[in-house]
Amino acid sequence: MALYPYQLYCQHIDTARNMARYYLLSIQPTLFGEMAVTRAWGRIGKRGGEKSEMFPTEREAAKHFLELARRKRAKGYRPVGTCGNGGVQHPSSDNSR
């Protein structure tokens, strides 16, 4: 089981180029004790592609996860929300209602 939650949801929106893309990364344990780095991508609001890669250890999976995240950031993708990480609330959420 993973020691830490690894989830990242990013978007790249460029209205001048009619671009609205998403990229989702996560690390999940498999039934066989391996760690899977799963990614999904596509146009926002549409079903896109999906790929999973298996790694023998969480450390190797985390290294791959961070490399993929770094590459996407270099291409203009930016994190959106918290994706359930750390219990941090989005500034626009209001719990007083």
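**Glu67 and its partners**

I started with Glu67 and found that Glu67 makes a salt bridge with Arg71, with the closest N and O atoms 3.2 Å apart. For the term, I used this rule: a side-chain nitrogen of Lys or Arg has to be within 4 Å of a carboxyl oxygen of Asp or Glu. The model I'm looking at is predicted, so local features need pLDDT of at least 70 and side-chain atom pairs count only at pLDDT 80 or more, while totals for chains, interfaces and linings use all residues. I also noted that residues are numbered from 1 along each chain as its sequence is written, and that side-chain values use heavy atoms, with hydrogens and water left out.

Why do Glu67 and Arg71 sit about one helical turn apart? Because they are 4 residues apart in helix 1. Helices here are DSSP runs (H or I, at least four residues), strands are too (E, at least two), and both are numbered from the N terminus.

Next I checked Arg70, and its side chain meets that of Glu67 in a salt bridge as well, at 2.6 Å from N to O. Glu67 and Arg70 are 3 residues apart in helix 1, so about one helical turn separates this pair too. Put together, Glu67, Arg70 and Arg71 are linked in a network of salt bridges.

Then I looked up accessibility. Glu67 is partly exposed at 28% relative accessible area, and Arg71 is partly exposed at 44%. My cut-offs: buried is under 20% relative accessible area, exposed is over 50%, and partly exposed is in between (1.4 Å probe, protein chains only).

**Asp14 and Arg17**

How many salt bridges are there by this rule? I get 4. Arg17 with Asp14 is one of them, and there the closest N and O atoms are 3.9 Å apart. Is Arg17 buried or exposed? Arg17 is exposed, with a relative accessible area of 58%, whereas Asp14 is partly exposed at 22%.

I placed Asp14 in strand 1. I also looked from Asp14 to Gly76: they are 62 residues apart along the chain, and their C-alpha atoms are separated by 9.5 Å.

**Rings**

On to the aromatics, where I count 3 aromatic pairs. One of them is Tyr6 with Phe65: the ring centres are 5.6 Å apart and the planes are at 65°, so I call the pair edge-to-face. Tyr6 is in the segment before strand 1 (7-14) and Phe65 is in helix 1 (residues 58-74), so the pair ties together parts that are 59 residues apart in sequence. The rule: rings of Phe, Tyr and Trp (its six-membered ring) pair if their centres lie within 6.5 Å, and planes under 30 degrees apart are stacked, over 60 edge-to-face, the rest tilted.

Tyr6 counts as buried at 19% relative accessibility, and Phe65 counts as buried at 6%.

Which charged end sits over the ring of Tyr23? I found that of Lys72, 4.6 Å from the ring centre. For that, NZ of Lys or CZ of Arg must be within 6 Å of the ring centre and within 35 degrees of the ring normal.

**His64**

Last stop: His64, which lies in helix 1 and counts as buried at 19% relative accessibility. What does His64 touch, not counting residues up to four places away in sequence? I listed Val37, Arg39, Glu53 and Phe55, where contact means heavy atoms within 4.5 Å.
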